[in-house]
Amino acid sequence: MMRLLALIYGLLCYAIFLGTFLYAIGFVGNLYVPRSIDIGPDAGWQAALAINLVLLGVFAVQHSLMARPFFKRWWTRIVPGAIERSTFVLFANFALILLFWQWRPMLSTVWAIDHPAGILAMQLLFWAGWLLVLVSTFLISHAELFGLRQVWLNFRARPFPDPVFKTPFLYGLVRHPIYLGFIIAFWATPVMTFGHLLFAGATTLYTLIAIQLEERDLIRMFGDSYRNYRKRVSMLAPVPRRARDKQP
């Protein structure tokens, strides 16, 4: 019975993720949603700045803290290991939903592209970024990343296998194609408001910090395999080889 409940819980968490992911596209792109980066309740710029920074901080702390191994070791004393990832996904969704709900637009224009070709280019980049995110999750293991594989194996009473280091397709071009996709999607807009700039800038800064934390954990997990991977493949910019590898 508990295994069935864990499976249902994992599926519900994933369903919430799907809705949150779709809303995130509309939120960033000001598309078909009631509240977005540039659509929402008015507030003075000082209040809006403070509120938005707090919202971004809540997501950053939740996402980074719950992803750390030391937190997982403590957390799995409270929640079963089979639903640890699903619970992480659920809390991340809650942090994003709070951000979507309470975000305050800051509508001063930083740049605006008027030429149709420029607008089209930005729109194509926007959708390409989101597509890159989605494709990259499936290249590693979409089901494992969002907790589905864990609850399914638990339901079938099968042990979860040890992690295996692999670098399929896009991961041979950059080490973090998911993060790269988010950065592209967040910055690609024909009209950059101050609120959008705050969101894109803060999330990019967080991404650069998160990568350092994540790679530290990956080195502990995979050792020299990941160290050599870092030497061969660039972090975000898809260049053939890193400059230091060309040195004798």
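## Surroundings of Phe160

Phe160 makes contact with Glu144, Arg149, Gln150 and Leu153, when residues up to four places away in sequence are not counted. This description rests on a predicted model. Phe160 belongs to the loop that runs between helix H7 (148-155) and helix H8 (177-187).

Phe160 counts as partly exposed because its relative accessibility is 37%, a value in between the limits of under 20% for buried and over 50% for exposed. From Phe160 to Asn93 the C-alpha to C-alpha separation is 24 Å, and the two residues lie 67 residues apart in sequence.

## The second largest pocket

The volume of the second largest pocket is about 180 Å³. Its lining comprises seven nonpolar, four polar and one charged residues; among them are Val28, Leu31, Asp38, Phe126, Trp127 and Pro190.

Helix H1 (2-29) and helix H5 (116-140) each contribute at least two residues to this lining. The largest share, three residues, is supplied by H5.

In soluble globular proteins, nonpolar side chains tend to be buried together. In this model, the largest nonpolar core contains 45 residues, and those with the most contacts inside it are Phe27, Val28, Leu99, Trp103, Trp130, Phe186 and Phe199. H1 gives the most to this core, namely nine residues. Apart from this core lies another, of 13 residues, including Leu170, Leu180, Ile183 and Ile211.

Leaving aside residues up to four places away in sequence, Val28 touches Ile37, Phe126, Trp130, Ala185, Phe186, His196 and Phe199.

Terms used
Residues numbered from 1 in each chain as written. Predicted model: local features only at pLDDT ≥ 70, side-chain atom pairs only at ≥ 80, totals over all residues. Heavy atoms only, no water. Helix = DSSP H or I, 4+ residues; strand = E, 2+ residues; numbered from the N terminus. Buried < 20%, exposed > 50% of the residue type's maximum accessible area, 1.4 Å probe, protein only. Contact = heavy atoms within 4.5 Å. 1 Å grid on protein atoms, 1.4 Å probe; cavity = no way out; pocket = protein on both sides within 12 Å on 5 of 7 lines; lining within 4 Å. Points joined across faces, edges and corners; volume = space filled by probe spheres on them. Nonpolar A, V, L, I, M, F, W, Y, C, P; charged D, E, K, R; others polar. Core = buried A, V, L, I, M, F, W, Y, C linked by side-chain atoms within 4.5 Å.
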